[in-house]
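Hi there,

Here is the structure I promised to pass on to you. Please open it beside this email, and then read on for what turned up in it.

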Amino acid sequence: MKISLGFILLFLLGISSDRCTQNEEAEKPNILYIMADDLAFQAISAYGGLYKEIAPTPNIDRLAKEGMLFSNAFCTNSICGPSRAVILTGKYSHLNGFYKNEGGDPFDSTQVTFPKLLQSAGYATAVIGKWHLWSQPTGFDYFKYHIDNAEQGVYWNPTFNENGKSVSEKGYATTLTGDFAINWLDNLRDKSKPFCLLYQFKAPHRPWDPDSMNLDLFGSAEMPFPSTFDDNYATRELTAGKTMMTIEGYLSNRDLKLTPPPGLGGKELAKWNVQGVRGEYVSPSDTLKGEALKRWKFQRYIKDYLATVKSLDDNVGRILEYLDNHNLTKNTIVVFTSDQGFYLGEHGWYDKRFMYEESLRMPLIIRYPGKIKPGSKSDGMVVNIDYAPTLLSLAGVKVPEEMQGESFESLFTGRVPSGWRNSMYYHYYEYPKWHNVQPHYGIRTDRYKLIHFYYDIDVWEFYDLQSDPHELNNSYNNPKYKEVISNLKTQLADLQKKYKDTATLDEMREVTTKGMVKY
Ligand code: CA
């Protein structure tokens with residue numbers, strides 16, 4: 001049999017180009033981006049804290065044991081939709097246009113996002129679970145996200161938008177999200193490509209409904225109270241003192257899982273459920289009052305919250321096990337984070353929004369076998385504008401100029417390189433609904449924090465985090481700090497210039513006023 005030289009050449013070329021493609025693909029890491037909603041770093045045992053013994057998170061901790069735990073990751077606008085928009089675009093709210101959840105505009109989905117760039121670079125992409133940006137996701141081969149409650153989602157029997165079709169599901173949202181993610185990895189994705197999966201939970205967002213087997217997870221144990229639980233807001237009367245997010249005054253019948261009076265249904269039941277949201281008096285009995293009632297509410301809140309975290313942790317474990325069993329662990333970067341931090345009773349609160357530590361700080365853990373030393377830690381300052389540039393650069397994709405963050409890959413060494421950021425800029429807009437937190441912007445350095453609350457008050461706050469780590473004493477008027485504050489104001493103005501947030505106060509107020517929802 002005669003085989004022409006041309007045929008052999010073509011055959012060999014065919015093999016070598018196949019090999020080349022396979023090699024290139026093998027080098028591209030998969031990305032599993034896991035994001036919880038409203039998950040406080042204080043609820044993760046790898047971060048230590050009050051609940052590490054009683055409510056451990058072994059699967060999230062596994063990522064910390066095998067990867068790197070970041071202790072200074074911060075968000076730029078501590079609320080669900082806005083943080084998600086920042087993460088996708090690598091740009092602050094005033095540039096990506098998604099300023100607030102309540103009364104804001106849908107996310108402009110024509111923008112450049114990291115999933116879109118990864119998809120163009122040959123990645124199979126999907127987002128599963130919570131999206132909450134009101135415009136349909138772009139840049140994904142597959143999506144399936146919560147649509148109930150204006151895309152907040154519900155814990156039980158949720159409805160999803162699956163690639164443009166509404167689908168009702170039966171079961172518990174956290175477990176369903178795990179099922180769908182594993183199904184995509186196993187059956188739906190194009191396995192010839194590296195993947196980027198955004199695995200995003202509704203949990204542990206309000207109203208903190210545990211799975212049925214976790215309803216009594218902590219029994220009658222008394223959960224510890226944070227040291228600032230009884231904060232009286234002295235020196236912060238007009239800001240921290242004016243919120244509608246105290247555990248004592250602003251949890252509803254529904255939040256507290258109280259039993260409705262018999263015979264209540266329809267609109268009456270709905271009204272009863274939200275009773276407490278505007279500060280109405282709510283108690284399970286005529287006799288439980290005052291300090292005892294406040295402490296009772298905290299116990300109910302923290303137990304439900306941590307029980308929803310248990311399911312979240314279980315479903316992190318399921319997907320890690322899937323990676324193990326399918327030989328994917330080694331070549332998959334796993335990121336674990338939350339859209340922002342949360343108050344677990346600190347300052348007497350639930351919720352987020354403030355530039356204070358608990359809501360500013362995001363949990364962030366990254367596992368990348370071979371590139372990150374197991375069990376390592378970084379205190380380098382990371383901001384959520386950095387997430388997109390980092391993931392793109394790890395995938396070998398050029399980071400667009402317009403992204404405002406920087407890849408923090410260099411922190412993977414465990415050292416903070418000289419010249420790395422030593423301050424970050426924050427800006428929050430939504431007011432008064434929900435929770436009556438004044439719009440504010442500010443700067444945080446490794447030691448100090450300066451905040452300007454500006455909507456219909458004009459209040460500056462300053463904290464020395466070294467001497468006042470819980471931010472209980474607004475020291476703005478302390479003469480000792482006069483020069484420090486003056487320097488911080490200069491740095492703050494520089495950051496505003498750098499990030500192009502140079503609107504006037506009136507223009508900033510206009511963002512809050514537009515579409516404002518009042519109580
Ligand atoms: Ca959130």
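Let's begin in strand 16, where Asp464 is the bridge partner of Tyr448. Before we go on, please note that this is a predicted model, in which local features need pLDDT of at least 70 and side-chain atom pairs count only at pLDDT 80 or more, while totals for chains, interfaces and linings use all residues. Residues are numbered from 1 along each chain as its sequence is written, and side-chain values use heavy atoms, with hydrogens and water left out.

Helices (H or I, at least four residues) and strands (E, at least two) are DSSP runs, numbered from the N terminus. Two strands pair if DSSP finds at least two bridges between them. Strand 15 and strand 16 (residues 459-464) pair in the antiparallel sense over six bridges, and a hairpin of five residues joins them. Strand 14 (residues 440-445) also pairs with strand 15 in the antiparallel sense, over five bridges. Here the hairpin runs through two residues, and Ile443 stands opposite Leu450.

How many residues of strand 15 are buried? Six of the six in strand 15 (residues 448-453) are, so this strand is largely enclosed by the rest of the structure. Buried means under 20% relative accessible area, exposed over 50%, and partly exposed in between (1.4 Å probe, protein chains only). Tyr448, Leu450 and His452 are buried on one side, and Lys449, Ile451 and Phe453 on the other.

**Strands 5, 6 and 7**

Strand 5 (residues 142-146) pairs with strand 6 (residues 159-162) in the antiparallel sense over three bridges, with Lys144 opposite Glu162. Strand 6 is also joined to strand 7 (residues 165-168), antiparallel, by four bridges, and Thr159 stands opposite Ser168. Two residues lie between strands 6 and 7 in their hairpin, and Asn163 in the turn has a positive phi of about 45 degrees.

**The calcium ion**

Donors are N, O and S atoms within 2.8 Å of the metal (3.2 Å for Na, K and Ca); water is not among the atoms, so sites may look incomplete. Which residues give protein donors to the calcium ion? They are Asp37, Asp38, Cys80, Asp339 and Gln340, with donor atoms 2.1 to 2.7 Å from the ion. Asp38 lies in the loop between strand 1 (30-36) and helix 2 (58-66) and Cys80 in helix 3 (residues 80-89), so the pair ties together parts that are 42 residues apart in sequence. Asp38 counts as buried at 1% relative accessibility, and Cys80 is buried at 0%.

Happy exploring!
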